[in-house]
Amino acid sequence: MRPFDVLIASHGSVAASLVEAAGMICGDASLQGVSAVGLEPDDSPESYLERLRARVDGSRPTLILTDLYGGTPHNVACTLARRDGGEVRCISGANLAIVIEAITTTDPLDDALVERLIQTTREAVVDATDRLATQH
Amino acid sequence: MGLRLVRVDDRLIHGQVVAIWLKALGAHRIVIVDDRTAHDDFLREVIELAAPAGTAVEIHDLATGAERVRDLAAQPEPIFVLLRSPITALRLREAGVEFPLLNVGGIGAGPDRKKLYRNISASADELDAMRKLEAMGTQVEFRIVENDRPVSFASVDK
């Protein structure tokens with residue numbers, strides 16, 4: 001069992017789509033304790049913060065994956081992490097690879113896991129054209 | 001003249017929006033004037049981190065900010081002033097900071113706000129501030145990024 005919750009914070013529907021796609025690949029059971037909060041055009045940072053906060057269960061550690069460093073979902077998630085203390089970790093640049101890795105792990109949410117997740121995200125970015133060319 | 005642009009955007013520094021404006025204006029210094037942000041340590045940290053590399057960011061409350069912006073406006077270094085509300089813009093104007101244009105790039109919806117245009121909503125006080133600014137000779141326009149077609153406040157204030 002994954003010992004932490006996962007919250008994906010993004011612009012618009014990116015978060016919801018990542019969750020949907022991860023569910024297709026990993027099965028719906030893996031989506032337990034996983035939520036998506038998308039920033040709408042009408043959102044102010046305050047309204048978005050409240051929506052994020054509503055998805056954070058203070059009794060469990062939470063990993064927040066944001067779509068874009070420096071974007072409003074990211075900035076607001078960081079404010080939440082800093083302000084609410086507890087165990088909230090934040091990683092930017094979410095892609096499907098990191099979401100899958102994060103929701104299927106049974107490791108605790110610590111530095112080692114964060115480092116591993118970042119590695120996973122990076123390794124997912126490949127010059128596919130080049131790799132195909134050099135294989136033949 | 002130092003003051004390249006005064007902008008209202010309640011998301012302050014976010015995504016590429018600020019980077020695009022800085023480039024268009026030839027500015028490398030952002031001066032944020034906002035009481036709430038100035039007095040919230042966590043928020044300050046996050047906003048400072050969100051700034052593009054090579055950009056100086058200052059965060060002041062209204063009292064200090066008005067004076068700082070007045071000083072900087074008289075200097076050659078191009079600066080970009082960022083606010084969260086048109087009410088702050090009015091206060092700056094009342095404190096003697098002159099600017100011919102107020103760019104409004106985003107104000108989120110809220111319980112006492114009415115939607116004006118796209119991502120811009122305003123409360124009665126905020127509408128009032130924009131009208132006062134226009135009466136004082138500062139044109140108020142809505143525009144998210146520099147390439148967008150500007151829409152005048154007057155055209156949506158019916």
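In the predicted model, chain A contains an open sheet of 4 strands in the order β2-β1-β3-β4, with parallel pairing; strands here are DSSP runs of E of at least two residues, helices are runs of H or I of at least four, both numbered from the N terminus, and two strands pair if DSSP finds at least two bridges between them. The edges are formed by β2 (34–39) and β4 (88–91) of chain A, each of which pairs on one side only. On average, and with direction ignored, neighbouring strands of this sheet are turned by 20° against each other, where axes are lines fitted to C-alpha atoms, for helices over the stretch in contact, and angles between N-to-C directions run from 0 to 180 degrees. Strand β3 (residues 62–66) of chain A pairs with β4(A) in the parallel sense over 4 bridges, and within β4(A) it is Val88(A) that stands opposite Thr62(A).

Helix α1 (residues 14–26) of chain A packs on this sheet, touching β1 (5–11) and β2 of chain A, and its direction makes about 155° with that of β2(A); contact requires that the C-beta atoms of two residues, placed from the backbone, lie within 7 Å. Helix α3 (residues 72–84) of chain A lies across β1, β2, β3 and β4 of chain A and runs at about 155° to β4(A). Glu46(A), which lies in helix α2 (residues 45–53) of chain A, counts as partly exposed because it has 13 C-beta neighbours inside 10 Å; a residue is buried if 20 or more other C-beta atoms lie within 10 Å of its own, exposed if 12 or fewer, and partly exposed in between, with C-beta atoms placed from the backbone. Glu46(A) and Val76(A) are 30 residues apart in sequence, and their C-alpha atoms are 8.3 Å apart in space.

In chain B, helix α5 (residues 86–94) is largely enclosed by the rest of the structure, because 7 of its 9 residues are buried. These buried residues are Pro86(B), Ile87(B), Thr88(B), Ala89(B), Leu90(B), Leu92(B) and Arg93(B), and their cover includes β1 (3–9), β2 (29–33), α4 (62–73), β4 (79–83), β5 (101–106) and α6 (124–135) of chain B. Just after α5(B), Gly96(B) takes a positive phi of about 100°. Strand β5(B) is itself mostly covered, with 5 of its 6 residues buried. It pairs in the parallel sense over 4 bridges with β1(B), where Val104(B) in β5(B) is the bridge partner of Val8(B). A parallel pairing over 4 bridges also joins β5(B) to strand β8 (residues 139–142) of chain B, in which Glu141(B) stands opposite Asn103(B).

The largest nonpolar core has 77 residues, of which Ile8(A) and Val81(B) touch the most other members; such a core is a set of buried Ala, Val, Leu, Ile, Met, Phe, Trp, Tyr and Cys residues joined through C-beta atoms within 7 Å. Leaving aside neighbours within four places in sequence, Val81(B) is in contact with Leu3(B), Val6(B), Arg7(B), Val31(B), Val33(B) and Val69(B). The contact between the chains takes 15 residues from chain A and 13 residues from chain B.

The model scores ipTM 0.82 and pTM 0.88. For chain B the mean pLDDT, the predictor's confidence in each residue from 0 to 100, is 94, and 100% of its residues reach 70 or more. Residues are numbered from 1 along each chain as its sequence is written, while chains are lettered from A and ligands numbered from 1 in the order in which they are written. As this is a predicted model, local features need pLDDT of at least 70 and side-chain atom pairs count only at pLDDT 80 or more, whereas totals for chains, interfaces and linings use all residues.
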